[in-house]
Amino acid sequence: MGFIQIGFIDIIDIVAVAVLMYYLYRMVKGTNAPSILIGIITIYIIWVVTQVLNMELLSSILGNIIGVGVIALIVVFQPEIRQFLQTIGVKQRNNRRNNSFWRKVFGSDLRDEKIDVTPIVKAVTDMSASKTGALIVIQRETDLTITADTGIAVDAQTSVPLLENIFFKNSPLHDGAVIIHENRIVAAKCVLPSTRVKVPKSYGMRHRAALGMSEMSDAVVVVVSEETGAISIAQDSEIKRGIPHEHLRANLLRALRKTEQKKEDKVSEKAPEIPVPASHQ
């Protein structure tokens with residue numbers, strides 16, 4: 001028996017499978033999917049063994065189960081598959097936006113410059129002072145129509161009084177997220193996907209939802225904690241917590257890629273990143 005010949009293509013094949021398995025693990029981490037995958041792998045191994053032992057009847061039964069199982073997998077893992085594909089799309093879009101050539105071709109900078117953060121900053125600052133919980137999603141390129149459909153349509157110009165009234169604790173619309181697109185409040189009381197990543201127990205439901213939305217889209221999400229009034233900004237699967245009022249505008253502009261485009265912004269707006277301990281809410 002000769003030695004197994006491994007060529008350059010075989011190495012690429014092995015690396016590709018390893019990368020695929022890694023992303024598959026990240027996709028199903030924190031769900032019940034690993035148990036299902038173990039069951040599927042077990043059935044597949046038994047099927048291979050029955051073929052080697054020429055157990056035709058059992059091999060045929062297991063083969064049919066595996067054949068139908070492909071369709072079942074698509075149904076069972078539909079949310080995970082969708083999240084995986086959306087994550088790839090968001091990363092590709094972010095890479096395209098960071099490339100100066102593609103920014104000029106697709107005009108991403110112009111889209112960001114249309115966003116007026118003044119009413120958002122003022123409303124968030126006021127709600128933080130009064131410890132009014134809030135969850136504001138600023139839509140960018142990712143279409144959030146499906147998420148907006150989970151809430152109540154508003155379609156109104158973004159303003160401080162409207163945002164504060166929506167999140168007033170006795171308001172029927174306060175429980176959920178507001179989606180803002182091109183300076184208009186599209187919908188309120190929207191349901192956001194919660195993050196599947198393991199986070200500290202100090203994270204509330206709003207922070208988990210904000211992080212989940214940042215994982216599923218390129219939106220910028222602003223959170224006000226109802227318990228402490230602390231302000232957080234989630235973007236690109238990361239969340240910055242405990243942002244001081246005086247640095248909120250600068251951090252929000254930075255998240256929207258505006259501070260990189262407007263070097264003449266005031267020095268007071270160019271605040272440094274604020275490191276926040278995980279225990280601070």
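Modeller: Leaving aside neighbours within four places in sequence, Val-137 is in contact with Leu-144, Ala-177, Val-178, Ile-179, Ile-180, Leu-192, Met-213, Ala-219, Val-220 and Val-221. This is a predicted model. Val-137 belongs to strand β1, which covers residues 134-138. The relative accessible area of Val-137 is 0%, and because buried means under 20%, Val-137 counts as buried. Ser-214 is 77 residues away from Val-137 in sequence, yet the two C-alpha atoms are 9.3 Å apart in space.

Ile-136 has its own set of contacts. With neighbours within four places in sequence again left out, Ile-136 is in contact with Ile-120, Val-124, Met-127, Leu-163, Phe-167, Val-178, Ile-180, Val-220, Val-221 and Val-222. The largest nonpolar core has 29 residues, and those touching the most other members are Val-124, Ile-136, Val-178 and Leu-252. Two or more residues of this core come from each of α7 (118-129), β1, α9 (160-166), β3 (177-181), β4 (184-190), β5 (220-224), β6 (231-235) and α11 (245-255). The element that gives the most is α7, with five residues. Another core, of 20 residues, lies apart from this one and includes Leu-144, Ala-209, Ala-210 and Met-213. Leu-144 and Met-213 are also among the contacts of Val-137.

Next, the strand pairing. β3 and β4 run antiparallel and are joined by four bridges. Ala-177, one of the residues that Val-137 contacts, stands opposite Cys-190 in β4. The two strands β3 and β4 form a hairpin with two residues between them, and in the turn Glu-182 has a positive phi of about 50°. β4 also pairs with strand β2 (residues 152-157); these run antiparallel, again with four bridges. There, Ala-156 stands opposite Ile-185 in β4.

For contrast, consider a nonpolar group on the surface. Ile-41, Tyr-44, Ile-45, Val-48, Val-49, Val-52, Leu-53, Met-55 and Leu-58 form a nonpolar patch there, and together they have about 800 Å² of accessible area. Helix α2 (residues 33-52) gives the most to the patch, with six residues. Val-137, by comparison, is buried at 0%.

Technical notes. Residues are numbered from 1 along each chain as its sequence is written. This is a predicted model: local features need pLDDT of at least 70, side-chain atom pairs count only at pLDDT 80 or more; totals for chains, interfaces and linings use all residues. Side-chain values use heavy atoms; hydrogens and water are left out. Buried means under 20% relative accessible area, exposed over 50%, partly exposed in between (1.4 Å probe, protein chains only). Contact means heavy atoms within 4.5 Å. Patches are made of residues with over 30% relative accessible area and no salt bridge: like charges are joined within 9 Å, nonpolar side chains (Val, Leu, Ile, Met, Phe, Trp, Tyr) within 5 Å. Accessible areas come from the Shrake-Rupley method with a 1.4 Å probe; for residues, only the protein chains shown count as cover. A salt bridge is a side-chain nitrogen of Lys or Arg within 4 Å of a carboxyl oxygen of Asp or Glu. A nonpolar core is a set of buried Ala, Val, Leu, Ile, Met, Phe, Trp, Tyr and Cys residues joined through side-chain atoms within 4.5 Å. Two strands pair if DSSP finds at least two bridges between them.
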